[in-house]
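Walk through this fold from the whole chain down to single residues. Begin with the sheet, then turn to the backbone.

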Amino acid sequence: IDIALWKFETAKFYVTIIDAPGHRDFIKNMITGTSQADCAVLIVAAGTGEFEAGISKNGQTREHALLAFTLGVKQLIVGVNKMDSTEPPYSEPRFEEIKKEVSSYIKKIGYNPATVAFVPISGWHGDNMLEVSTKMPWFKGWLVERKEGKAEGKCLIEALDAILPPARPTDKALRLPLQDVYKIGGIGTVPVGRVETGVLKPGTVVVFAPANITTEVKS
């Protein structure tokens with residue numbers, strides 16, 4: 001059970017989605033992914049019984065929100081998914097109920113709900129993912145307020161564009177903790193990780209610790 005990486009571009013950012021497994025048996029895999037993220041997107045299922053299971057005492061919604069905050073991911077977006085399977089479908093009271101309950105819980109953890117975008121979506125039908133859904137005319141949009149200014153929108157992709165990019169210490173020496181190493185036929189060995197400090201570019205000579213191996217960055 002691995003974490004999946006997906007890349008796409010928005011109007012503002014290159015986004016890498018680290019899709020961490022939801023099942024509690026794979027929590028260590030989820031920690032691997034979450035520790036590298038700049039923002040967490042918590043997907044909550046709106047279906048009858050599904051939300052209740054996730055937010056229950058041992059539920060995954062609770063555990064993942066707590067882990068994200070504990071691992072230092074201080075920006076959060078909440079996608080209220082499966083709005084097509086609420087009773088009745090695309091129910092405003094159900095969305096408001098979930099928003100209220102999740103807000104209350106994430107506040108206890110340490111997030112400020114005023115800075116969190118809550119977006120009612122259906123991944124299956126594409127509602128409010130990239131374009132405004134016609135099925136939820138009651139949804140007037142999400143609004144976040146933080147000291148860097150306000151942001152608002154209606155879709156999930158706009159909430160991603162409202163993420164505040166973290167300041168990277170590019171003036172320091174290069175440090176890149178390795179998360180994984182892929183061996184790709186015809187290309188060679190590809191180390192994977194996040195540049196924590198400094199700058200990585202082709203032609204740079206780097207040293208791997210603790211093995212003390214020196215090599216040149218190819219691309």
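Two strands count as paired if DSSP finds at least two bridges between them. Helices (H or I, at least four residues) and strands (E, at least two) are DSSP runs, numbered from the N terminus. This is a predicted model, in which local features need pLDDT of at least 70, side-chain atom pairs count only at pLDDT 80 or more, and totals for chains, interfaces and linings use all residues. Residues are numbered from 1 along each chain as its sequence is written, and side-chain values use heavy atoms, with hydrogens and water left out.

The protein holds five helices and 11 strands. Three of the strands form an open sheet in the order β3-β4-β5, and the pairing is parallel. β3 (40-45) and β5 (117-120) are the edge strands; each has a single partner strand, so one side of each lacks a neighbour in the sheet. From one strand to the next, the twist averages 20°. Angles run from 0 to 180 degrees between N-to-C directions, and axes are lines fitted to C-alpha atoms, for helices over the stretch in contact.

Look at the pairing of β3 with β4 (residues 76-81). The two run parallel and are joined by six bridges. Ala40 stands opposite Leu76 in β4. Helix α4 (residues 92-109) lies across β3, β4 and β5, running at about 150° to β5. Contact here means heavy atoms within 4.5 Å.

Now follow the loop between β4 and α4. Lys82 is found there. Its phi is near 60°, a positive value in a residue other than glycine. Lys82 is partly exposed, with a relative accessible area of 34%. Buried means under 20% relative accessible area, exposed over 50%, and partly exposed in between (1.4 Å probe, protein chains only). Pro88 is found in the loop between β4 and α4 too. A cis peptide bond joins Glu87 to Pro88, with omega about -15°.

Asn128 counts as buried, at 2% relative accessibility.

Further along, Pro210 is found in the loop between β10 (205-208) and β11 (213-216). A cis peptide bond joins Ala209 and Pro210, with omega about 0°.

Finally, step back to the whole protein. The C-alpha trace spans about 60 × 40 × 35 Å along its principal axes. Of the 219 residues, 35% count as buried.
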